[in-house]
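Here's a quick briefing on how two chains meet and what sits inside them. Have a look at the structure first, then read on.

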Amino acid sequence: MKIIVCVKQVPDTSEVRIDPKTNTLIREGVPSIINPDDMNAIEAALAMKDANPGSEVTLVCMGPPQADVALREGLAMGCDKAILITDRVFGGSDTWATSNIIASALVEMEYDVIFCGRQAIDGDTAQVGPQIAECLDLPQVSYVADIKQNGDTLTVQRNLEDGYQIIEVKMPCLLTCIKELNEPRYPSMGGIMDAYQQEVEHWTNEKLQIDASLIGLKSSPTKVNRTFTPPAKEPGILVPDADVEEIAKVYKDLKSKHYL
Amino acid sequence: MDYKLTQEQEMVRKVMRKFALEKVEPIAAEIDEQEIFPEENVKLLSEMGVMGMIYPKEYGGSGTDSISYAIAIEELSKVCGTTGCIVASHNSLACGPIYFFGTKEQKDKYLPDLVTGRKLGGFGLTEPNAGTDSAAQETTAVLVDDEYYLLNGSKMFITNGGVAETYVIFAMTDKSQGNRGISAFIVEKGWEGFSQGPHEKKMGIRGSSTCELIFENVKVPKENLLGREGQGFKIAMSTLDSGRIGIAAQALGIAQGALDKAIEYSKTRVQFGRPISTKQGLQWMMADMHVRTEAARQLVYRAAYAKDHQKRFTEEAAMAKLYASETAMWVTTKAVQIHGGYGFTRDYPVERMMRDAKITEIYEGTSEVQRMVLAVRS
Ligand SMILES: Cc1cc2nc3c(=O)[nH]c(=O)nc-3n(C[C@H](O)[C@H](O)[C@H](O)COP(=O)(O)OP(=O)(O)OC[C@H]3O[C@@H](n4cnc5c(N)ncnc54)[C@H](O)[C@@H]3O)c2cc1C
């Protein structure tokens with residue numbers, strides 16, 4: 001099988017600084033990691049490769065040249081190839097432009113499955129994966145928490161906030177992964193040594209030839225109005241001994257919050 | 001001298017640090033308290049290729065350099081001295097002599113299982129009456145019918161003793177030759193007459209397994225003689241040169257771990273209305289801890305570098321082990337001091353770190369031995 005994983009390098013912090021002028025991220029001085037959900041995507045790809053010997057896993061990353069280290073880490077985990085989509089003209093791309101660029105690279109490649117992470121911790125949009133699928137006209141399943149393969153059909157569990165769906169999807173397809181899917185393996189020491197012997201291909205716009213109206217800061221329709229950290233969900237209240245008195249209290253409480 | 005780590009070494013640090021924080025630190029206090037061998041983590045470390053990381057890929061190793069190896073042990077030991085010890089002794093003491101002195105047949109037979117961590121290994125030199133004076137071996141091996149050696153005696157304090165399946169055991173084959181009458185053998189667990197004593201109850205690295213090994217008329221096939229007859233002492237000393245880099249890295253990690261905890265604690269503990277980190281008396285203490293830890297690091301990496309680039313590194317390894325282990329003891333003692341009464345309790349990791357640090361001044365040659373090694377060479 002040909003398996004592709006889209007990964008992003010992100011700053012290793014939940015406190016992302018934003019340039020007030022351009023409203024884009026300031027990356028300098030913050031240690032970088034592979035986006036956490038993308039680690040689950042890599043693990044899903046490697047697990048599929050383990051189950052289908054002879055498969056090939058290719059990492060695709062759009063980012064500045066420094067993103068090289070993220071790809072090396074993915075290679076050290078066991079991926080076979082790595083492509084860095086990098087060009088100054090791609091700078092400042094929003095999710096729409098980014099999806100255009102990554103999809104333009106993917107049409108050049110063979111694939112049975114494309115794995116993405118659900119969302120990147122520096123933007124939390126969860127848009128790029130689904131948009132790539134749309135650009136490529138591929139079936140997609142987001143929030144994937146379980147995958148079972150049967151020939152060219154995948155049965156996946158799609159987790160939602162208040163439940164889950166079981167969906168059958170035919171390959172080729174695109175899946176976006178969440179952390180419940182698996183526990184990413186650690187890169188191996190031998191893998192690290194090999195990763196730096198391998199070539200990371202750099203694909204620029206000279207190769208991809210994407211129209212200027214589809215890429216970069218100027219062509220990005222998204223305008224960031226305001227960014228904020230969503231408040232953490234409060235834990236629920238457990239009522240273990242549900243006698244009449246307790247139920248009355250719960251009723252009163254729900255009523256006071258206008259739920260009833 | 002180039003002071004920059006390579007990209008590979010940087011990534012080894014990043015990966016090992018993540019592993020240490022996610023998998024090792026959470027159980028470090030428990031395996032210490034309950035004296036549990038961290039089997040699950042050793043399995044993960046095997047999958048990551050850490051258990052035989054410095055050996056070539058043809059045997060299933062990872063083919064890393066020695067600085068990467070030191071970094072891996074340092075990062076593990078920052079949070080758990082036990083785990084550092086297990087990795088160091090398996091890599092250096094068990095795989096080392098077979099890799100460097102084994103025949104092709106011996107390597108093909110034993111190394112693939114050892115360097116991948118499928119089987120653990122041990123190294124038996126110390127005896128009840130042969131500690132620092134390790135040449136005073138009382139264990140004997142007598143060649144019978146030119147077929148097998150009959151092994152008799154016992155070995156003291158053998159790391160991984162309870163869990164290892166393959167051992168390198170030293171014994172006297174010709175007492176009249178003194179040092180040159182010692183030979184080394186590969187001995188397998190389960191051979192008739194080979195048994196082990198109870199686990200030692202230890203002050204530190206309590207999750208590691210340390211046992212006495214007992215040999216009563218154990219038949220060791222002649223082909224399991226490692227190196228030549230009489231070469232054993234040389235094999236032991238050369239193995240310990242490498243081993244000392246691992247122990248020095250373990251000590252370095254313990255020191256760095258304790259320093260980190262001390263700094264963190266000093267910023268949160270308020271006395272006299274302000275965090276104790278604002279007190280100059282403690283700032284100077286922590287500055288000294290930092291300097292010594294960094295100096296230890298330079299000696300450890302230098303020894304590892306020497307191992308990768310030159311034939312002999314006895315002196316570099318002895319210096320690194322001596323300085324790093326005494327630094328670990330000094331820094332952990334100060335870290336407990338900075339924690340005050342809380343540092344004396346098991347609620348804080350510096351208490352364990354101080355106990356773990358002590359062994360680094362003792363095994364693979366006490367600090368006195370390192371000074372003896374250095375004195376005769378200078
Ligand atoms: C947890 C643990 C794990 C170990 N693992 C292993 C292992 O895997 N394999 C193995 O073979 N051994 C192992 N050892 C043994 C260890 O290497 C020895 O304990 C150590 O070499 C010291 O020997 P000894 O305990 O007999 O002390 P002794 O030799 O009796 O020393 C007692 C004291 O005298 C000092 N001393 C001795 N001779 C001199 C001298 N000439 N000049 C100045 N001072 C001197 C020593 O430095 C020490 O301070 C382990 C020990 C421990 C505690």
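**Where chain A meets chain B**

There are 3 salt bridges between chain A and chain B. Keep in mind that this is a predicted model. One salt bridge pairs the side chains of Asp194(A) and Lys57(B), at 2.6 Å from N to O.

**Polar contacts and who makes the interface**
- Between chain A and chain B, 7 residue pairs are in polar contact, counting pairs with both residues at pLDDT 80 or more.
- On the side of chain A that touches chain B, strand 3 (32–34), helix 2 (68–77) and helix 5 (189–195) of chain A each give two or more residues.
- Helix 5 of chain A has the largest share of that side, with 5 residues.
- Sorted by class, that side of chain A comes out as 10 nonpolar, 4 polar and 4 charged residues.

**Extent of the interface**
- In terms of contacts, 18 residues of chain A go up against 22 residues of chain B.
- About 1600 Å² is buried between chain A and chain B, and carbon and sulfur atoms give 67% of that.
- Tyr186(A), Met189(A) and Met193(A) supply 47% of the area chain A buries against chain B, more than any other three residues.

**Nonpolar cores**
- The largest nonpolar core runs to 153 residues, and Ile42(A), Phe115(A) and Leu175(A) have the most contacts inside it.
- Helix 6 (residues 232–268) of chain B brings the largest share of this core, 16 residues.
- Leaving out residues up to four places away in sequence, Leu175(A) touches several residues, among them Val113(A), Phe115(A), Val141(A), Leu154(A) and Val169(A).
- There's also a second, separate core of 25 residues, including Ile85(A), Phe90(A), Ala103(A) and Leu174(A).

Definitions and conventions
Residues are numbered from 1 along each chain as its sequence is written. Chains are lettered from A and ligands numbered from 1 in the order in which they are written. This is a predicted model: local features need pLDDT of at least 70, side-chain atom pairs count only at pLDDT 80 or more; totals for chains, interfaces and linings use all residues. Side-chain values use heavy atoms; hydrogens and water are left out. Contact means heavy atoms within 4.5 Å. Buried area is the accessible area (1.4 Å probe) that two parts lose on being put together, summed over both. A salt bridge is a side-chain nitrogen of Lys or Arg within 4 Å of a carboxyl oxygen of Asp or Glu. A polar contact is a pair of N or O atoms within 3.5 Å; within protein, one must be able to donate a hydrogen and the other to accept it, and residues adjacent in sequence count only if both atoms are side-chain atoms. Helices (H or I, at least four residues) and strands (E, at least two) are DSSP runs, numbered from the N terminus. Ala, Val, Leu, Ile, Met, Phe, Trp, Tyr, Cys and Pro count as nonpolar, Asp, Glu, Lys and Arg as charged, and the others, Gly among them, as polar. A nonpolar core is a set of buried Ala, Val, Leu, Ile, Met, Phe, Trp, Tyr and Cys residues joined through side-chain atoms within 4.5 Å. Buried means under 20% relative accessible area, exposed over 50%, partly exposed in between (1.4 Å probe, protein chains only).
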